[in-house]
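Work through the exercises below with the sequence and the 3D structure open. Try each task before reading its solution.

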Amino acid sequence: MPKKESQHIENNPAFKGLAVNDGIEQPDSVNQDSVKKFLKKKRKLLSPEEYVDGILKGDITLLSRAVTLVESSNPKHQEVAQEIILKCLPHSGKSVRLGITGVPGVGKSTFIESLGSYITSVGHKLAVLAIDPSSERTKGSILGDKTRMEELSGNKDAYIRPSPSSGSLGGVARKTRETIILCEAAGFDTIFIETVGVGQSETAVHSMTDFFLLLMLAGAGDELQGIKRGIMEMADAIAINKADGANKEKAEMARVQYANALHLFPMKDSNWEPKVLTCSAAQHTGIKEIWQLIVEYQELAKKNGYFAKNRNKQAYYWMYETINEKLKNEFYQSPEIKSILPEFEGKVLNDEISSFTAAGKLLEIFEKSKKAGSDKE
Ligand code: GDP
């Protein structure tokens, strides 16, 4: 029955629009201690041993949580992450690490789906990681997020982790390298690391992989594809993708051209002669052959000792990279440097002081601030 006008609260002379009325009584379930405890527990850091136990058992949830710690800049998280990595190290290394690059649109994610589905169907366990330099510069990602590779996302033998998004390229690359260790300890025997073939990120990917695959298209010049000579030189194989339909013939012609071009590069330390193949990631053709090539490469490089030697060299390289990255971060994050840097920049720009003197003075200020900090402790 409709309310009579006089009964409506707004028609009551005592009603004031700004009065605070009684709120609704909260159902007790929301504030129950058990719920609070549950929420708190979810966020609680586990001990390094608990993460490691989970990782070694192949627990993907714990692996993901550990990777999140690796990616975190919180010092407490980093401390736990480093312990996890140390404990996982003896269980890592038994994999093949494949770097995959190519300009946006070449078909990287389609290719990874196709090759990934194939290798998991023959018993491999695959982790797909990425180094996406765009996300750090523009906060937009070229490689996209988890919505790509839908088929692989639902594959129980595949683990897909998007690129860590914050920090410098060196920082992002270090996190990815550490993530490789955790994935290997979790039983993934094949690691793909995807990047975009437009910048320096492929050097980083090359320095943490065993085999470097460059995806290209037929009918577009190297310049058009933004592929620098140095990147082609790094490649252990080039795959001309989209070799299907009317494009098939052009792809074959491009294959011959690139094969000739690769002959001009000096012999690789691995003694491996880089190959050029054609494939269609969309139609799943030529994919098995690419995997076969990677298998052949491993056989050769393991036999001649290059595989292990290269991994050692990479470990050595990453030690220095990590030192450089940490020192650089410490320097630029120091409050003293942060506050004085613009002044020095201005002086250098106005020719009031040379770059070298400015750098020397800034480093001196940094040293002093560190010393003052440690004296206080
Ligand atoms: P990415 O940016 O390098 O990851 O490229 P994508 O995998 O997103 O592919 C870009 C576009 O090319 C999409 O529309 C794909 O469907 C298409 N594509 C990828 N691989 C092939 C292929 O082998 N043949 C054809 N015809 N199209 C492809």
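This is a predicted model: local features need pLDDT of at least 70, side-chain atom pairs count only at pLDDT 80 or more; totals for chains, interfaces and linings use all residues.

**Exercise 1.** Determine how helix α2 and helix α4 are oriented to each other.

Solution. 
- Step 1: Locate α2 at residues 48-56 and α4 at residues 75-88.
- Step 2: Their axes lie 9 Å apart, and the angle between them is about 45°.
- Step 3: The crossing of α2 and α4 is right-handed.
- Step 4: In the contact, P48, E49, Y51, V52 and I55 of α2 meet V80, E83, I84, K87 and C88 of α4. By class, this contact has seven nonpolar, no polar and three charged residues.

**Exercise 2.** Determine how helix α3 and helix α8 are oriented to each other.

Solution. 
- Step 1: Locate α3 at residues 60-71 and α8 at residues 169-185.
- Step 2: The two axes come within 10 Å and cross at roughly 155°.
- Step 3: An angle over 145 degrees counts as roughly antiparallel, therefore α3 and α8 are roughly antiparallel to each other.
- Step 4: α3 passes α8 in a right-handed crossing.
- Step 5: L63, A66, V67, V70 and E71 of α3 meet K175, E178, T179, L182 and C183 of α8. These residues divide into six nonpolar, one polar and three charged.

**Exercise 3.** Which residues are closest to the ligand?

Solution. 
- Step 1: Of the 15 residues that surround the ligand, the closest are G105, K108, T110, K242 and D244.
- Step 2: For K108, a polar backbone atom is 2.8 Å from an oxygen atom of the ligand.
- Step 3: For A282, the corresponding distance from a polar backbone atom to a ligand oxygen is 3.0 Å.
- Step 4: For V106, a polar backbone atom is 3.4 Å from a ligand oxygen.

Terms used. Residues are numbered from 1 along each chain as its sequence is written. Side-chain values use heavy atoms; hydrogens and water are left out. Axes are lines fitted to C-alpha atoms, for helices over the stretch in contact, and angles run from 0 to 180 degrees between N-to-C directions. Helices (H or I, at least four residues) and strands (E, at least two) are DSSP runs, numbered from the N terminus. Angles under 35 degrees count as roughly parallel, over 145 as roughly antiparallel, 65 to 115 as roughly perpendicular and the rest as oblique. A crossing is left-handed if the near helix is turned anticlockwise from the far one by less than a right angle, and right-handed if clockwise. Contact means heavy atoms within 4.5 Å. Ala, Val, Leu, Ile, Met, Phe, Trp, Tyr, Cys and Pro count as nonpolar, Asp, Glu, Lys and Arg as charged, and the others, Gly among them, as polar. A residue is near a molecule or strand if one of its heavy atoms lies within 4 Å of it. A polar contact is a pair of N or O atoms within 3.5 Å; within protein, one must be able to donate a hydrogen and the other to accept it, and residues adjacent in sequence count only if both atoms are side-chain atoms.
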